[in-house]
Amino acid sequence: MSRSGRPRGRRTVAVAALPAALLVLVLAGSAPGAVASGAGSPAAPRAPQADAHRPAAGRDGAAAVRRQVPPVRDFDVRPAREALERLLPRHAGQFTLVPDPGAAADAFTVSGTAGDVTVRGSTGATLLTGVGWYLQHVAGADIGWPGDSLGLLPERLPAVPKPVTRSALVAHRYALNDTDDGYSGPYRTFEEHRRQIDLLALHGVNEVFVQVGAEYPYYQALQRFGYTAAELRAWIPGPAHQSWWLLQNMSGFGGPVSERLMRERAELGGRIAEQLRGLGMTPVLPGFFGTVPPQFAGRNPGARTVPQGDWAGFERPDWLDPNSAAFGKLAAAYYAEQRAVFGDSSMYRMSPLHEGGKTGPVDVSAAAGAVQKALWAARPGALWAVLGWQEDPRKELLAGVDTSKLLILDGLSDRYDGLDREARWGGAPYALGTIPNFGGHTTIGANTSVWSERFGGWRSKPNSALTGIAYLPEATGTDPAAFDLFTDLAWEPGPIDQRKWFAAYSARRYGRADAAAAAAWEELRKGPYSTPSGLWSESQDSLFTARPSLSAAGSARWSPKSMRYPAGSVRRALDHLLKVSPRLRDSSAYRFDLVDTARQALANHSRVLLPKIKAAYEAKDVRLFRELTGQWRDTEKRLDAITSADPNFLLGPRLSAARARGADRAEADRYEYDARSLLSVWGPRAAAEGGSLHDYANREWGGLVAELYAPRWDAYFDTLEEALVRRAAPRQIDWHAFEEGWARRTTRHAQAPVGDPYALAAGIAAALPAAR
């Protein structure tokens, strides 16, 4: 860390002590590596010599901000080369990556002979997308999220039959939900984030939300508006809960955070942003739309704030009226602090009034215009990305902004029927989006046929405003097939044939065509990957992870309450996967899919077992009740064992990562509670119970099943059995106290997988009834 206490970075020199107003002027010029202001999609990174064009600080700074410097199309290929060496360490030397200034934007060409493949592209990211296309369509290998089949690549890569050029069908290929950092892992390392960026580039994404460290600009700026450092540290939530603070839903929970941790996270976020710029991708940064701590108006004369009321049992932070002079001053300070650590971007994420925010007396149209004006004062012409969710963005908001510089990330594209986005949003540009996963659930499946149908149909309709795709699961890295297919939408020149796509996917996923693998994925295609739109964009979650009740129909309050596809499809897929050729079973892709399919088969079986247990209890049949609850407990043990056999389903690493960020035991305990509480109670009793947030982030993980879910069901079944024997009403259990007790624990868990996935999956298949 620098002596000033700021994260180290090339943008922090000699500015730490300047007032906010001067910071705006000094830092007005483009930061190194920044994309061109006003670009709707990312320009290529600047050429090395572009530093000469950086405007000088001082009196000319404001004028420099207004200059529109055309992007330089030449770019440094080294970041793409380094990513390629990480992705394909044995074969990277067989690729020649050629920056192509003359290529169309977002385009690549692949050609070459055996062992000598050439990829030309318009950015570093599109070079990697070209490599991904080659692996998928020529080499027949998969680098999934997670799992790969690279071990089956031949020593000498195959030739490209004839040169192939692909151009993106849409300018915006956006990734990451506002909640991703919380649900996917708020304590991840730079190497883990860099791996995520590599995979996103490989699959054609060019705009990525960067949340890590977003609290630091607030922390720095608000100290000049009447708040102490200690007050702000108490207001800012723990990292696992910061996603919802940025959405203006809650504050404080899971903290207080230390200044040291905030500096570390800001430095990490700056490195992530710079990594994206190096590949020609746009780091999408959080913008400022008015979230402030309590008593802001009292400490800043002339400021007007609107209380935002309740969100799921939390008191929401206040909203500073963007029409007030105080808003412009705080926004300028915020963007100056953000630039000092993260640099600039051409795209900023903001969702004012998210999920029930209160407008009060504020003129929403004027407020929206003021938010955009403040953004443009700091980043001229920058694009505003807003989530399309529930009633947002409101018509009043759209009426107050230049919608040509707005992108709506539609989170409901595949959820409901009868949608007309042009009519709903007045022709504002939007990206077809999907949220196939809420809370980080381990459930597989997606409305993939809806994606294919609507992307083509909506894009080709007269006066279409569709300009992108948006991959928005609430947690990433849980469903490689869904990620692969969705990102293919933007690069495939014609409609995707689902049957052919899944057949080809099964071959590259395991490195060779295999009849059993193809049969398994055909079952999965017909089942969890062919769910319809209408009510849901995700599949049902498991009852093993539900708060115990004989009438339980789901775990998370807002998840589907019944099966969305025939359970037999997953059961048959498991049988087929167990018959895949032994020579294809060593890949991490096969192991992950086998574990995931066996886990899903068990989860689906919970919906068969529980009604039987309920019937036995109501019949007061103690013997049958004991037999069936014994089956339930045995199935939970199998579930914990199978999920403990793959690194992607382990609780231990997530908890250890949280503890590692603490400077002492007390701080480590606080961050572990931050991580554990999100998975269980989510928040305090008022939010967990009154707001129904408990188990929202349920997931079937090794360690989590054994330590939380199984003991919870054990305690419940014990009370029911006791009630049957005594012929009395069952004892009541305070479930929040039970779950809060688990969240406060600091027990250690396995850091590496244990057990043979194949043997465990075979045991599950033998124990489960055959598919009907």
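Select Asp 410 and Ser 413: their side chains make a polar contact at 2.7 Å. A polar contact is a pair of N or O atoms within 3.5 Å; within protein, one must be able to donate a hydrogen and the other to accept it, and residues adjacent in sequence count only if both atoms are side-chain atoms.

The model is predicted, with pLDDT of at least 70 needed for local features and 80 or more for side-chain atom pairs, while totals for chains, interfaces and linings use all residues. Residues are numbered from 1 along each chain as its sequence is written, and side-chain values use heavy atoms, without hydrogens or water.

Stay on Asp 410, which sits in strand β15 (residues 406-410). Strands (E, at least two residues) and helices (H or I, at least four) are DSSP runs, numbered from the N terminus. Asp 410 is buried, at 0% relative accessible area; buried means under 20%, exposed over 50%, partly exposed in between (1.4 Å probe, protein chains only).

Next, select residues 107-113 and 116-121: strands β2 and β3, antiparallel and joined by six bridges. Two strands pair if DSSP finds at least two bridges between them. Thr 109 has Arg 120 in β3 as its bridge partner.

Widen the view to the open sheet of four strands, ordered β1-β3-β2-β4 with mixed pairing. β1 (95-99) and β4 (164-167) are at the edges with a single partner strand each, so one side of each lacks a neighbour in the sheet.

Finish with helix α4 (residues 124-139), which lies across β1, β2, β3 and β4 at about 50° to β2. Axes are lines fitted to C-alpha atoms, for helices over the stretch in contact (heavy atoms within 4.5 Å), and angles run from 0 to 180 degrees between N-to-C directions.
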